[in-house]
Amino acid sequence: MSQRVLRVSELVKRELSMVLERHYRMDNAILTVHEVRATPDLKQCFAYVGIISTGDSDDEAIIEKLNKQRGAIQREVHKRVIMKNSPQIFFRLDKSVEKGVRILNAIDNLPPPADPLPEGSEEPDFK
């Protein structure tokens, strides 16, 4: 990926995060923009959004709501990011944080390690 595409992706991510934080608060949910990937022609951006919900909110419904309000969100972002052709933003759900929490919980629930062997004894051979 070229440096320009990386810079545009990072800039859109930063501005999109600020717009979502200020203007698009969801009930019982916190939105975080994990990553923005711009296409090489800079016509489209895919924003991967993580949702931390405190209630029984449907994550897919929140992403659909963001995609429906995409036009207004893009206008706010493109007021801040001045480009000749502003990329179209598409929202995708990112569940990587949830997966990470499950892995950490599984690691925390592992049994304790076995006691070390007493001095002078040899490790059994399991061939």
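pLDDT is the predictor's confidence in each residue, from 0 to 100. I start there because this is a predicted model: local features need pLDDT of at least 70, side-chain atom pairs count only at pLDDT 80 or more, and totals for chains, interfaces and linings use all residues. Residues are numbered from 1 along each chain as its sequence is written, and side-chain values use heavy atoms, with hydrogens and water left out.

The chain has a mean pLDDT of 85, with 93% of its residues at 70 or more. Helices (H or I, at least four residues) and strands (E, at least two) are DSSP runs, numbered from the N terminus. Confidence is lowest in helix α4, residues 96-108, with a mean of 84, and highest in strand β3, residues 88-93, at 93.

Next, the hairpin. β1 and β2 form it, with five residues between them. They pair in the antiparallel sense over nine bridges; strands count as paired if DSSP finds at least two bridges between them. R37 stands opposite F46 in β2. In the turn, L42 has a positive phi of about 60 degrees.

K43 is in the loop between β1 (29-38) and β2 (44-53). What does K43 contact, beyond its neighbours within four places in sequence? N85, P87 and Q88, where contact means heavy atoms within 4.5 Å. K43 and S86 are 43 residues apart in sequence, and their C-alpha atoms are 6.8 Å apart.

Last, S9, in helix α1, residues 3-23. S9 counts as buried because its relative accessibility is 5%; buried means under 20% relative accessible area, with a 1.4 Å probe and protein chains only. Its side chain reaches the backbone nitrogen of A38 at 3.1 Å.

How values were computed
Buried < 20%, exposed > 50% of the residue type's maximum accessible area, 1.4 Å probe, protein only. Polar contact = N/O pair within 3.5 Å; in protein donor to acceptor, adjacent residues only side chain to side chain.
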